[in-house]
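This briefing is intended for a reader meeting the structure for the first time.

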Amino acid sequence: MVGSADQETGAGSAAEGPARVRPALHVHLSPYANKADLLQRLRKIEGQVRGIERMIDEERYCVDILVQIAAVRAALDRVSLQLLEAHVEGCVSDAIRSGEGEPYIRELMSVVTRFVR
Ligand SMILES: [Cu+2]
């Protein structure tokens, strides 16, 4: 989950990705991820990150801080997995059904690779 800043903008996948990019709002259509749930999880993560900031400011014990960082990483991984599942069930499945699956599958493998390195 360590990556460069360009992941935030989504840049880097356009070259080999599908020609038309769907809006992120499609997630509400999936039973696996809905917008409200994702936003709630992210707000919780935001709070956890502020907690880490506070721990460092208060010069708390290093290992206690590291445990909190690991928890945030795990929480972000869960958000990613939920979004990934929604994307596969939604965008990718739709594209395959309409005979345009190939670029979506290439893009999917490319983004999954970012999570395993
Ligand atoms: Cu999608």
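Glutamate 59, which follows helix α2, has a positive phi, near 55°. The model is a predicted one. Its protein chain contains 4 helices and 0 strands, and the order along the sequence is α-α-α-α.

**Backbone after the helices**

- The positive phi of glutamate 59, near 55°, comes after α2.
- A positive phi also occurs just after α3, where glycine 99 takes a value of about 75°.

**Helix α2**

- Helix α2 covers residues 35-57, a run of 23 residues.
- From the first C-alpha of α2 to its last the distance is 33 Å, close to the 33 Å expected at 1.5 Å a residue.
- Leucine 38 belongs to helix α2.
- Leucine 38 counts as partly exposed because 17 other C-beta atoms lie within 10 Å, whereas a buried residue would need 20 or more.

**Helix α3**

- Helix α3 spans residues 62-97 and includes aspartate 64.
- The 36 residues of α3 should span 52 Å at 1.5 Å a residue, and the end C-alpha atoms are 51 Å apart, which agrees.
- Aspartate 64, by contrast, is exposed, because it has 10 C-beta neighbours inside 10 Å and the limit for an exposed residue is 12 or fewer.

**Packing of α2 against α3**

- Two packed helices are described by the angle between their axes and the distance between the axes.
- For α2 and α3 the angle is about 165° and the axes are 10 Å apart.
- This angle makes α2 roughly antiparallel to α3, since angles over 145 degrees are counted in that way.
- The crossing of α2 and α3 is left-handed.
- On the α2 side, the residues making the contact include Leu38, Ile45, Val49, Ile52 and Ile56.
- On the α3 side, they include Asp64, Ile65, Ile69, Val72, Leu76 and Leu83.
- Leucine 38 and arginine 78 are 40 residues apart along the chain, and their C-alpha atoms are separated by 9.8 Å.
- Aspartate 64 and isoleucine 52 are 12 residues apart along the chain, with 9.4 Å between their C-alpha atoms.

**Packing of α3 against α4**

- The angle between α3 and α4 is about 165°, and their axes are 9 Å apart.
- These two helices, α3 and α4, are therefore roughly antiparallel to each other.
- The crossing of α3 and α4 is left-handed.
- From α3, the contact is made by Ser80, Cys91, Val92, Ala95 and Ile96.
- From α4, the contributing residues are Gly101, Tyr104, Ile105, Leu108 and Phe115.

**The chain as a whole**

- The protein chain has 117 residues, of which buried residues make up 9%.
- Among contacts between residues at least 6 apart in sequence, 64% join residues at least 24 apart.

Definitions and conventions. Residues are numbered from 1 along each chain as its sequence is written. This is a predicted model: local features need pLDDT of at least 70, side-chain atom pairs count only at pLDDT 80 or more; totals for chains, interfaces and linings use all residues. The expected span of a helix is 1.5 Å times one less than its number of residues. Axes are lines fitted to C-alpha atoms, for helices over the stretch in contact, and angles run from 0 to 180 degrees between N-to-C directions. Angles under 35 degrees count as roughly parallel, over 145 as roughly antiparallel, 65 to 115 as roughly perpendicular and the rest as oblique. A crossing is left-handed if the near helix is turned anticlockwise from the far one by less than a right angle, and right-handed if clockwise. Two residues are in contact if their C-beta atoms, placed from the backbone, lie within 7 Å.
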